[in-house]
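Biologist: I have not looked at this structure before. Could you take me through it, beginning with the chain as a whole?

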Amino acid sequence: MSEEDFTIDVRAHIVAHHGGVLGIVDLSQIEPRCLAWLCGDWDFLELVKTMSPYEAHARLFMNWTGGKLKKENPRAYSLAKARVLALGYGAGWEKFIFMCRTYGIMPEEVLADPVGPREKDAFVESLLRSKRQNGKLDEFAELDVLGQRIWVNAWLQVMDFRNRNVKILNLWRKLEAGFKASVVDGTYEMGLPSGRSLWYYGINSIEGQWKAQTERGGKFEKFYGGKLCENLIQATARDVFGECIRRLEEQVAPVLFHVHDEVILGLEDTSQLGKAIQIMSMTPAWLPGCPISAEGHCSPRYTK
């Protein structure tokens with residue numbers, strides 16, 4: 001028997017109460033929206049009012065001038081999605097390849113364009129400058145043509161993203177500067193738009209590695225501008241989501257449970273879904289100008 005014969009759909013065993021339905025609603029691309037707001041990219045946010053953040057990114061930073069990106073150029077849409085989700089937090093070229101696969105985007109499809117000698121030489125030079133090359137030059141030399149294209153194109157995408165998204169890079173630099181300056185007293189407070197804060201303790205630097213604890217007595221972790229930015233954005237998205245849960249429970253129905261940025265509601269009937277989506281799409285007062293969006297559906301049992 002194959003492995004599929006033993007597969008159990010755990011989700012499908014979570015069912016609505018008798019006579020009711022589950023309302024499954026999730027925030028749409030909440031992190032890219034929060035990142036743009038926090039770095040002041042108002043042109044991006046203006047476009048996001050009428051299209052997905054991935055298409056907005058392609059129009060502003062990938063020279064897309066056509067119609068609906070996802071329909072007309074699925075490959076470019078996938079690449080834009082990978083760039084938006086992975087590169088805003090400082091991922092390098094190698095991590096970018098890994099993250100593409102994590103999001104179900106095949107590097108063999110979006111990073112397989114032919115590369116010329118100039119691009120290849122620039123990539124090799126970047127490896128030579130790296131302090132943590134770890135044999136990558138030898139590994140690169142042993143790759144087949146497709147493998148080398150993927151590596152070089154991943155590096156080119158990272159460089160292009162950073163050159164075109166100066167506002168995001170400035171946010172990384174600002175956070176990293178504040179973090180490093182706090183080494184004097186060892187504690188760094190990162191204020192969030194909602195009014196709460198994230199705290200870092202025991203800040204220290206050993207051989208260029210900046211580390212801190214996120215809870216007193218906890219383990220030390222490495223931090224840099226991109227990672228601090230990721231913490232800031234995910235914490236902000238969490239606060240947006242928290243307000244959604246509060247409003248839903250006050251105005252619609254109890255939240256049975258939630259997964260990431262998705263809520264599962266116990267509804268009496270499908271007529272309540274529209275109200276739930278409307279509430280999830282409300283922008284908090286402390287995040288003015290950030291277009292929040294949500295989508296959802298009803299089902300007798302929990303589904304994707």
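Modeller: Residues 24 or more positions apart account for 59% of the contacts in the chain with a separation of 6 or more, a contact being heavy atoms within 4.5 Å. This is a predicted model, in which local features need pLDDT of at least 70, side-chain atom pairs count only at pLDDT 80 or more, and totals for chains, interfaces and linings use all residues. Residues are numbered from 1 along each chain as its sequence is written, and side-chain values use heavy atoms, with hydrogens and water left out.

Biologist: What does the secondary structure of the chain come to?

Modeller: Helices (H or I, at least four residues) and strands (E, at least two) are DSSP runs, numbered from the N terminus. For this chain, that gives 13 helices and eight strands.

Biologist: What is the order of the strands in the open sheet of four strands?

Modeller: Two strands pair if DSSP finds at least two bridges between them, and the pairing here is antiparallel. The edge strands, each pairing on one side only, are E6 (255–259) and E8 (294–299). The order is E6-E7-E1-E8.

Biologist: Which residue in E7 is the bridge partner of Gly23?

Modeller: Strand E1 (residues 21–27) and strand E7 (residues 262–267) run antiparallel and are joined by six bridges. In E7, the partner of Gly23 is Leu265.

Biologist: How many residues line the largest cavity, and which helix supplies the largest share?

Modeller: On a 1 Å grid over the protein atoms alone, a cavity is a set of points where a 1.4 Å probe fits but cannot get out, and lining residues have an atom within 4 Å of a point. The lining has 13 residues, with Leu35, Phe44, His57, Asn165 and Ile168 nearest the centre of the cavity. Helix H1 (30–39), helix H3 (53–61) and helix H5 (74–87) each supply at least two residues of the lining. The largest share, three residues, comes from H1.

Biologist: Is Gln157 buried or exposed?

Modeller: Gln157 has its place in helix H10 (residues 145–164). Not counting residues up to four places away in sequence, Gln157 touches Leu79, Arg83, Leu87, Phe96 and Leu111. Buried means under 20% relative accessible area, exposed over 50%, partly exposed in between (1.4 Å probe, protein chains only). Gln157 has 18% relative accessibility, so this residue counts as buried.

Biologist: What percentage of the residues in the chain is buried?

Modeller: The chain has 304 residues. Buried residues make up 44%.

Definitions and conventions: On a 1 Å grid over the protein atoms alone, a cavity is a set of points where a 1.4 Å probe fits but cannot get out, and a pocket is an open set with protein on both sides within 12 Å along at least five of seven lines; lining residues have an atom within 4 Å of a point.
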